[in-house]
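Please look over the model below together with its sequence. The report that accompanies it moves from the whole chain to a few selected sites.

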Amino acid sequence: MKAYLILEDGTVFTGTSIGAEGTCVSEIVFNTSMTGYLEVLTDPSYAGQAVCMTYPLIGNYGICSEDMESDRPWPDGFIVRELSRLPSNFRSEESIQKFLAGHGIPGIAGIDTRALTRRLREHGTMNGMITTREMNREEALAAIRAYKVGPVVDRVTCRASVHIPGKGPRVALMDYGAKKDIAQNLAKRGCDVTIYPAGTPAEEVLAGRPDGIMLSNGPGDPKENGTIIDNVRRFYESGVPVFAICLGHQLMALATGADTFKMKYGHRGGNHPVRDLTGDGRVYMTSQNHGYAVDPDTVDPSVAVPAFENVNDGTNEGLRYIRKPVFTVQFHPEACPGPQDANFLFDRFMKMMKGAKHA
């Protein structure tokens, strides 16, 4: 069956339908990871977006539920050059085609994903429509241009708190769209983890007397989360050690007076080099998924200093806070998919909690 991808600038790509039949309107983004398409699909940070994979062959190792970063896929749509319909992997449970169709996610294959990616790089992230229907051009463009991602954290967060018992430090993990591997990295270090819904009042979280607070990744514009930002400000003021990732990094910056901005096309992939500004200048390869960044020029130097920067474009990749035991990063140290270079940051958080406990 034919499918069409229509961009808000009027560009049309014609390909083959994959996944569910129908229509979705979404923000179109691209991911440069060569593997890990299942982790990408199940990353809640993609809520409100349709993902184009730049690697030309997707689906060759099928679907392995053990590797999922949440219990369902989150993108509105999926875009690939070639979809492997016969996965070859002893762990595979089903094809990616069945997985997408079973979750009602439309997609398109057989288009020039390189041309699409170059257009998004040159002109910036834009809205688009994936459809299996013949559409009136003007009606389609009107719907595409009217689309807004909006506040999506409430859509992806857990509905009730979840406890993962452990004998080590008590960690409150705020779920703004948390990937499973964040909790797993804490648990394997012995932490007693409680995962809280995004809107849980700070007073309730602090009443549990956590030794540390983890602010997770998540989707959308950080400025759409006013109530959450107020809670993050209380976490900062509490003096409890805080480690924040991705959206959590942006929320902490906003809570302490800095500003964020939307990037031209964001960072999404498993090959982004990041320079450590607080140590020996070492460069780490990192996994990333974000379309917004903290403006370092708006950070009060008496509050925080840049800790990491992106080698490719110089954007801020992390902050070290001066007055409080807080550090935040824009990239994903749990790295699924992606390199494990930055996994040591979980150990840094463990040392921070231990130091605060004995202070």
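## Basis of the values

This is a predicted model, in which local features need pLDDT of at least 70 and side-chain atom pairs count only at pLDDT 80 or more, while totals for chains, interfaces and linings use all residues. Residues are numbered from 1 along each chain as its sequence is written, and side-chain values use heavy atoms, with hydrogens and water left out.

## The chain as a whole

The protein chain comprises 10 helices and 19 strands, where helices (H or I, at least four residues) and strands (E, at least two) are DSSP runs numbered from the N terminus. Its radius of gyration is 20 Å, close to the 21 Å that the globule rule gives for 359 residues, so the chain is as compact as a globular protein of that length; the radius is taken over C-alpha atoms, and the rule is 2.2 Å times the number of residues to the power 0.38. Along its principal axes, the C-alpha trace spans about 65 × 45 × 40 Å.

Of the 359 residues, 57% count as buried, a term that means under 20% relative accessible area, with exposed meaning over 50% and partly exposed in between (1.4 Å probe, protein chains only). Among contacts (heavy atoms within 4.5 Å) between residues at least 6 apart in sequence, 74% join residues at least 24 apart.

## Helix H6 and its cover

In helix H6, which runs over residues 180-187, the buried residues are Asp181, Ile182, Ala183, Asn185 and Leu186. The elements that cover these buried residues include strands S10 (162-164), S11 (170-175) and S12 (192-197), together with S13, S14 and H10.

## Backbone exceptions

Most residues other than glycine have a negative phi, and most peptide bonds are trans. Arg209 has a positive phi of about 50° although it is not a glycine, and Cys246 likewise has a positive phi, of about 60°. Arg209 sits in the loop between helix H7 (202-207) and strand S13 (212-215), where it is exposed, with a relative accessible area of 63%. Cys246 belongs to the loop between strand S14 (242-245) and helix H9 (247-255), and is buried, with a relative accessible area of 1%.

The peptide bond from Cys336 to Pro337 is cis, with omega near 0°. Pro337 is placed in the loop between strand S19 (326-329) and helix H10 (344-357).

## A buried histidine

His249, in helix H9, is buried with a relative accessible area of 0%. Its side chain makes a polar contact of 3.3 Å with the side chain of Asn316; such a contact is a pair of N or O atoms within 3.5 Å, of which, within protein, one must be able to donate a hydrogen and the other to accept it, and residues adjacent in sequence count only if both atoms are side-chain atoms. Leaving aside neighbours within four places in sequence, His249 is in contact with residues including Ala244, Val294, Gly318, Leu319 and Thr328.

## An exposed arginine

Arg159 lies in the loop between helix H5 (153-156) and S10, and it is exposed, with a relative accessible area of 63%. Its side chain reaches the backbone oxygen of Asp154 at 2.7 Å, and a polar atom of that Arg159 side chain lies 3.2 Å from the backbone oxygen of Arg155. Apart from neighbours within four places in sequence, Arg159 is in contact with Asp154 and Pro197. The C-alpha atoms of Arg159 and Tyr196, which are 37 residues apart along the chain, are separated by 8.5 Å.
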